[in-house]
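Keep the structure open while you read.

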Amino acid sequence: MLISFEGIEGSGKSTQIKLLSEKFEKKGLKVICVREPGGTLIGEKIRDLFLEETDEIFNPLTEVLLLYSSRKQLDEQIIRPNLAEGNIVIADRFYHATIAYQCYGKGVEVGFVEYIHEKLNISKPNLSVLIDIDPQLSRQRISQRDPDRMEKESLEFFSRVQEGYKRLEENNKDFVSIDGKKTIEKISEEIEILIAKKLNV
Ligand code: TMP
């Protein structure tokens, strides 16, 4: 089973992924956590390239192709073999991030991303959980960090990304959102209930 977590920067995905994987492990289930871009040696190199500041204009389609190079490698090397063994894979972002960031945020056609996803024969999540916070709160939460290339994007950009995530939720029954303003414990509890209900685990 593949579960992905989505949300704009500072949403608290990583904390929730850690808590969820501990809950699964307590039930005796084997859990593999991966992040995107990244998760393999090749993918992590792509991640560095993707997040590093550059003086050149990063073409949004170059971004998509880099993200898909990393995603293909991750799917073949880690996701598929683990799913085949019956393990749970939790992804810190997956292809919905490309739809939200590169399509809604930067104007790439949604159909193009869907097409390459299909043609590359990459796994699809059984469930995607959006930790929903608004762009202002995101700004506030990440203000202490040394920002990477993506974190330097404008508030308007993150509003478009957020809008993209909301569209995905409206149009997809396997894409659900949780209010990210709640406490860590409450969010974790809601995720557990949601996963039990949707996926029976
Ligand atoms: P992270 O630090 O939360 O792992 O995120 C990496 C950055 O990459 C984050 O700013 C979102 C961005 N990203 C995209 O723009 N498109 C994608 O498809 C993915 C997976 C990440």
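Which residues point one way from β4, and which the other way? One way go Leu-127, Val-129 and Ile-131, while Ser-128, Leu-130 and Asp-132 go the other way. Whichever way they point, all of them are buried. Bear in mind that this is a predicted model.

## An enclosed strand

Strand β4 covers residues 127–132, and six of its six residues are buried, so the rest of the structure largely encloses it. Here buried means under 20% relative accessible area.

## Neighbours of β4

Strand β1 (residues 2–6) runs parallel to β4, and four bridges join them. Ser-4 has Ser-128 of β4 as its bridge partner.

β4 also pairs with strand β5 (residues 175–179), again in the parallel sense, this time over five bridges. Ser-128 turns up here too, standing opposite Phe-175 in β5.

## Helix α6 and its two faces

Now for helix α6, residues 135–142. Its buried residues include Pro-135, Leu-137, Ser-138 and Ile-142. They sit on the same side of α6 because they cover an arc of only 155° around the axis. What do these buried residues pack against? That would be α7 (155–171).

## Where α6 starts

At the start of α6, look for Asp-134: one of its side-chain oxygens comes to within 2.9 Å of the backbone nitrogen of Gln-136.

Definitions and conventions. Residues are numbered from 1 along each chain as its sequence is written. This is a predicted model: local features need pLDDT of at least 70, side-chain atom pairs count only at pLDDT 80 or more; totals for chains, interfaces and linings use all residues. Side-chain values use heavy atoms; hydrogens and water are left out. Buried means under 20% relative accessible area, exposed over 50%, partly exposed in between (1.4 Å probe, protein chains only). Two strands pair if DSSP finds at least two bridges between them. The arc is that of the directions from the helix axis to the C-beta atoms. Contact means heavy atoms within 4.5 Å. A polar contact is a pair of N or O atoms within 3.5 Å; within protein, one must be able to donate a hydrogen and the other to accept it, and residues adjacent in sequence count only if both atoms are side-chain atoms.
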